[in-house]
Structure formats: C-alpha cells, structure tokens
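Have the sequence open next to it as you read.

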Amino acid sequence: MNTTPYRIGIVGCAGRMGRMLIQEVLATPGCALAGGTEPTGPAVGTDLGFLVGATGVGLTVTTDAAALFQATDAVIDFTVPAATLYHASLAAKTGKVLIAGTTGLDASAVDSLRKAAASAPIVYAPNFSVGMNILFALTEQVAATLGPDYDIDILEMHHRHKVDAPSGTALGLGEAAARGRKVKLADVWRKSRDGQVGARPRGEIGFATLRGGDVAGDHTVMFAADGERIELTHRATSRVNFAKGAVRAALWARGRGPGLYSMGDVLGL
Ligand code: NAD
C-alpha cells in the first residue's frame, strides 16, 4: 500500500464544485490538498480553508495552473470547457492525473482530451456520481434483458431554476437504454407528450419532466409491460456525490498509465 499522501490540486477551486472538492479532499484519508487556482477574482490570494468555512490550511488560491500541476499528483477540474482543454495540455506535459468533470465539451474538445490522454491518465465523465453511473449500467443491462415488450420511459425532476429539459442525465439514461436495445436513441425517442399523440409505438423511449422546489435531481427509468412494471430510481440530495466520485476517480487513477478513462472504468462496470 502506498502511504505517501496523494497530493490533489483543484482548478476552479472557488466554484460550487471546487469548494465541495476542497472539503472532500480534506476529508479523504491518504489525500493531501496541494493547492487551487482561479483565473481571477476575489478568491485569488485567499487561504483554501477559508473558502469552505474551515480553518486556514496554509495554501492560497493562485492563478498559476502550470505551477499547480508541478506540485501535485492529480488535478481535479470542474471549470469551463476552454480551461479544461488548457489543463489537459498541462496534464499531457507533466504526465499528471487529470479528473475532468466540466460538461458541455463538444466532439472536438473530447478529441483534444483523447490526444492529451496519450501522455497522461485522464478520467472524463459528464456525471461523476457513483450511484448514477451504476444506474446507467443497470439501465443498459435491464433494457437488453427485457427486450421491446417492455415500454421504457424516463422521468426526471429538478429544481425550479433548471432551464433545459429533459436533463442531460435523463438523455444519458435514454442512451444507455438504447444501447441495451441496440438502437439509436434519436430514432426512437419522444422527448415529451402533449395533445393527440396517438398510441405508444413499440420500441419508443419516452421522457417526462417535472420542475419545482430545490430538488437536486431525481431520475426514474420505468420498464412497463403487461402485468408488471420495474422502476429504477436514483435521487441526488446534494452535489457532494459528484465530489466524492471525482476523488474516488483520482485515487483509482493513481499509478495508472496514460489513457482516457470513464467512470465506468473506475467502477469496473
Ligand atoms: P461554477 O461556475 O460554480 O464554478 C466554475 C469555476 O471555474 C469558477 O469558480 C470559475 O472562476 C472557475 N474557472 C473558470 N475558468 C477557469 C480557469 N481558466 N482556471 C481555473 N478556474 C477557472 O460551476 P460549477 O457548478 O462548479 O460547475 C463547473 C462545471 O462542472 C460545469 O461544467 C458543470 O456542468 C460541471 N459539473 C459536472 C458534474 C459531473 O459530475 N461531471 C457535476 C456538477 C457540475
């Protein structure tokens, strides 16, 4: 067992996820917080501990990601796509582990991550929740086993501020179900129903959306047939599960060779 503390740095450390990650790294045995960056703003120069209402840890927020990569074994990045690509180039240069959680990467950005991963271990996941990744795997497996006699609908609920629907995660669950059935989601999906939509076509994968309150994210995949119904549900109660999954991914990547890995790889799914 490696007893040397595993040094983890956090880029975007003053963001909502960045602050969660500071707390998670500080709370994880065997891990040592190694620093954090922000591009600019009032957080720069502040002790990382103060950002999360804790006592000072003797490390201040800097703007120097290159220096952070030098001083760490792994860097966790929940920022914005352009920054993530820059951090991937630093990972490639130093060979350090990069955990990339930023969403909204387009195909060419993912391609850049893949190129950087030729020189460094990079774990990239649009959803780092361990429970949700298990739901993705279960959905694919159950859809494959049950076959098209079971109608699949995906129901999701989020807080009132969410602006897009269905959620990216609901669509990801639809992709998993479609993979299980060996079809293309875009060929069989119905993203909402309103008015005289007719009877449900065989093989359709439907979506339904609820919005309200402060719900962090509920997702249910329903498999309905004559005489029975199976419902697989995941409920997120806070964003802490993303931070836990990201730190777990960083620990998994310790000592691994270069490559672009997923949360499925981390969890052995
Ligand atoms: P946020 O806006 O609160 O935080 C982002 C932080 O990144 C900000 O503090 C910003 O100043 C910082 N940043 C921007 N450019 C930077 C740079 N060049 N260097 C260093 N820091 C930089 O957003 P958030 O809610 O924390 O989410 C961040 C990202 O993570 C979003 O893309 C979000 O969708 C994604 N996210 C992913 C998961 C997952 O499981 N993969 C979960 C939650 C959020």
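## Before you start

This is a predicted model, so local features are reported only at pLDDT of at least 70 and side-chain atom pairs only at pLDDT 80 or more, while totals for chains, interfaces and linings use all residues. Residues are numbered from 1 along each chain as its sequence is written, and side-chain values use heavy atoms, with hydrogens and water left out.

## The parallel sheet

Let's begin with an open sheet of 6 strands, in the order β2-β1-β3-β4-β5-β11, with parallel pairing. Strands here are DSSP runs of E, at least two residues long, and helices are runs of H or I of at least four, numbered from the N terminus. Two strands pair if DSSP finds at least two bridges between them. At the edges sit β2 (31-37) and β11 (259-261), each pairing on one side only. On average, neighbouring strands of this sheet are turned by 20° against each other, direction ignored; axes are lines fitted to C-alpha atoms (for helices, over the stretch in contact), and angles run from 0 to 180 degrees between N-to-C directions.

How many bridges hold β5 and β11 together? Strand β5 (residues 121-124) pairs with β11 in the parallel sense over 3 bridges. Pro-121 has Gly-259 of β11 as its bridge partner.

## The ligand site

The ligand is surrounded by 22 residues, the closest being Met-17, Glu-38, Thr-103, Phe-128 and Arg-239. To count as near, a residue needs a heavy atom within 4 Å of the molecule. This shell divides into 10 nonpolar, 9 polar and 3 charged residues. Both α1 (16-27) and α4 (81-94) supply at least two residues of the shell.

Backbone atoms get involved too. Polar contacts are pairs of N or O atoms within 3.5 Å. A backbone N or O atom of Arg-16 lies 2.8 Å from an oxygen atom of the ligand, and a polar backbone atom of Met-17 is also 2.8 Å from a ligand oxygen atom. For Pro-126, a backbone N or O atom lies 3.0 Å from a nitrogen atom of the ligand. Taken alone the ligand exposes 850 Å², and the protein buries 76% of that (Shrake-Rupley method, 1.4 Å probe).

## The mixed sheet and its helix

Another open sheet has 5 strands in the order β7-β8-β6-β9-β10, with mixed pairing. Its edge strands are β7 (189-190) and β10 (228-236). Strand β9 (residues 217-225) runs antiparallel to β10, joined by 9 bridges; Phe-223 is partnered with Ile-230 in β10.

Helix α7 (residues 168-181) packs on this sheet, touching β6 (151-158), β7, β8 (205-211) and β9, where contact means heavy atoms within 4.5 Å. The direction of α7 makes about 165° with that of β8.

## Two backbone details

Ala-165 and Pro-166 are joined by a cis peptide bond, with omega about -10°. Pro-166 is in the loop between β6 and α7. Lys-182, in the loop between α7 and α8 (185-188), has a positive phi of about 60° although it is not a glycine.

Notes. A polar contact is a pair of N or O atoms within 3.5 Å; within protein, one must be able to donate a hydrogen and the other to accept it, and residues adjacent in sequence count only if both atoms are side-chain atoms. Ala, Val, Leu, Ile, Met, Phe, Trp, Tyr, Cys and Pro count as nonpolar, Asp, Glu, Lys and Arg as charged, and the others, Gly among them, as polar.
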